[in-house]
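Biologist: I want to learn how to read a structure like this one. Shall we take the features in turn?

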Amino acid sequence: MQAPDQYIARPLAKRDEDERLLAARLVTSRRPGQWVGAAVLLVLFAMLVHTVVTNGRFQWNVVGDYFVSRSILDGLVLTLWLTAAVMTCGFVLGIGLAAMRLSANPILRSLSFGYVWLVRSVPLLVQLLFWYEIASLYPQLSLGIPFGHEFVSVKTAHLFTGILAAFVGLTVDTAAFSAEIVRGGIVSVERGQSEAAEALGLSRGRIFRRIVLPQAMPAIVPSTGNLLIGLLKATSIVSVIAVQDLLYSVQLIYQQNFLIMPLLMVATLWYIILTTLLSIGQYFIERYYARGKRGDSDPGRGLWQITLGNLPVFGRTRDDLAGLA
Amino acid sequence: MTASEESLPLVRIRGLRKNFGSHRVLDGIDLDVREGEVTVLLGPSGSGKSTLLRCVNHLEKPDAGFVEVAGELIGYRYDRSRNHGGRLHELPHRQVTRQRARIGMVFQQFNLFGHLTVLENIIEGPVAAGIPRKQAVTTAGELLDRVGLAGREGSYPRQMSGGQQQRVAIARALALQPRLMLFDEPTSALDPELVGDVLAVIRDLAASGMTMIVVTHEIGFAREVADTVVFLDDGRIVESGPPASLLTSPRHQRARAFLAAVL
């Protein structure tokens with residue numbers, strides 16, 4: 001009679017070592033190279049900190065004086081709202097362009113393709129100058145019947161101030177790049193998802209909004225974060241058309257007092273702070289769109305744990321961290 | 001018109017043709033499905049079973065012929081006012097959408113919406129169709145109970161086994177109270193031990209009088225549940241009839257060869 005909890009199987013082949021192997025302790029592999037690398041990095045980092053602190057020519061007191069000065073903060077605010085406005089409008093346009101590109105209508109498809117092709121082909125700086133100087137090409141803009149009567153017209157030079165040229169140029173550019181990011185995300189969603197939605201009798205718009213776009217987001221968000229951070233810094237290009245953003249405000253000051261380096265440090269530090277905040281935001285958005293992709297029992301590792309996990313200096317493995325959590 | 005609508009079959013398919021490029025997938029299909037009956041489509045892979053099923057709710061547009069469900073042409077409007085037998089005009093998308101909402105469909109790969117919970121998956125169709133959310137939620141609860149998944153409203157598809165996902169997909173298709181259900185190889189993507197639960201749900205549905213067209217390779221299931229078995233080969237119906245006779249003594253040589261290979 002077989003005991004109920006015993007396997008019914010052939011006897012297993014045994015070796016003398018088996019018992020000792022089973023009793024042995026598991027030792028994870030040592031990585032001396034990592035420790036050496038970490039030591040080298042630490043020394044280099046210490047040198048960097050040392051020189052930044054002790055090199056008097058950084059003039060940190062000047063950095064401190066200007067860091068939250070009135071004109072710098074004004075420039076910062078302009079950089080921020082220009083980035084926000086361009087990103088919002090550009091991304092919405094981009095979604096529309098992506099939808100056009102993927103639609104069944106060949107006219108919409110070609111329009112979207114042509115737009116993206118043209119805009120991506122022209123350097124951003126050239127686009128900005130183009131919009132800024134458009135008055136030399138079309139001195140007047142009019143609304144009316146094609147080739148016929150004009151109802152209203154306006155002098156282009158009055159319309160396209162520096163800030164409007166900056167907004168239009170950056171938005172046009174961002175829309176093209178967003179369109180490609182969104183299209184890539186949409187293509188990554190399985191065909192079966194929209195088929196199932198069609199079979200349920202959902203309208204095309206609802207399928208796009210409720211089914212396809214949300215599932216494209218995990219593929220869209222990381223590239224969009226990249227685009228947004230790129231845009232934040234690319235806004236500094238508007239200084240060439242005399243828009244007073246963060247960089248231009250700094251330039252205006254150091255052109256008078258020649259404290260070039262400390263003032264560039266002011267701008268740099270602000271860009272670093274903003275980029276850090278955006279990166280943190282991106283982390284949380286990515287976590288939101290990952291819902292439904294992991295079990296409820298796993299709430300996901302926190303930002304701090306991920307930071308630690310990605311620092312091999314501490315020699316911790318993911319398993320160690322899981323044990324800590 | 002001599003026959004009233006009640007005496008007509010729920011589904012009438014006539015002269016249906018479909019090409020993918022130069023390949024003729026459906027080559028003149030004629031088929032009736034009566035209300036309350038279960039029709040099982042059998043045939044080797046590539047014989048056109050799934051395409052036929054997908055033509056019924058217009059996921060595929062036929063190149064010729066027509067599909068009629070409950071007396072209504074699917075995907076087209078007939079204009080008889082012209083000479084030469086009139087014209088079939090494509091329906092606007094909104095009307096096709098309305099027609100589809102009354103035909104439930106279950107896919108081989110389940111195709112549940114991964115970013116939505118089980119409840120959200122089930123109420124998506126009804127809410128889009130204008131049914132109040134509260135009512136849709138109540139119905140969803142009843143449907144989950146019916147497929148043996150009571151209380152799983154809050155789960156995400158990825159947290160469930162394939163068999164559970166497919167039962168949610170069935171509940172989702174039933175949420176719009178369809179008159180017709182289409183099953184496209186509903187158990188082919190499942191591990192063998194999970195097939196039984198899904199078949200049991202479909203069996204219950206058949207017993208409740210739902211009209212169904214089922215593409216499957218489960219011969220035993222076909223024998224038990226089907227009223228009619230239709231055997232397709234190379235885009236044509238080569239034999240159809242009650243399972244008792246077709247599955248035990250098929251007359252067509254292709255059907256014989258297929259059954260000999262799968263049994």
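Biologist: How many helices and strands are there in chain A?

Modeller: Helices (H or I, at least four residues) and strands (E, at least two) are DSSP runs, numbered from the N terminus. Chain A has 14 helices and two strands. This is a predicted model: local features need pLDDT of at least 70, side-chain atom pairs count only at pLDDT 80 or more, and totals for chains, interfaces and linings use all residues. Residues are numbered from 1 along each chain as its sequence is written, with chains lettered from A and ligands numbered from 1 in the order in which they are written.

Biologist: What percentage of chain A counts as buried?

Modeller: Buried means 20 or more other C-beta atoms within 10 Å of the residue's own; exposed means 12 or fewer, partly exposed in between, with C-beta atoms placed from the backbone. In chain A, 26% of the 325 residues count as buried.

Biologist: Which way do the residues of strand β8 of chain B point?

Modeller: In a regular strand the side chains alternate between the two faces of the sheet. In β8(B), residues 103-106, B:I103 and B:M105 point one way. B:G104 and B:V106 point the other way, and all are buried.

Biologist: Which strand pairs with β8(B)?

Modeller: Pairing takes at least two DSSP bridges between two strands. β8(B) pairs with β9(B), residues 180-184, in the parallel sense over four bridges. B:M105 stands opposite B:L182 there.

Biologist: How many residues does each chain give to the contact?

Modeller: Contact means C-beta atoms, placed from the backbone, within 7 Å. Chain B gives 23 residues and chain A 20. On the side of chain B that touches chain A, α2(B) has the largest share, five residues.

Terms used. Two residues are in contact if their C-beta atoms, placed from the backbone, lie within 7 Å.
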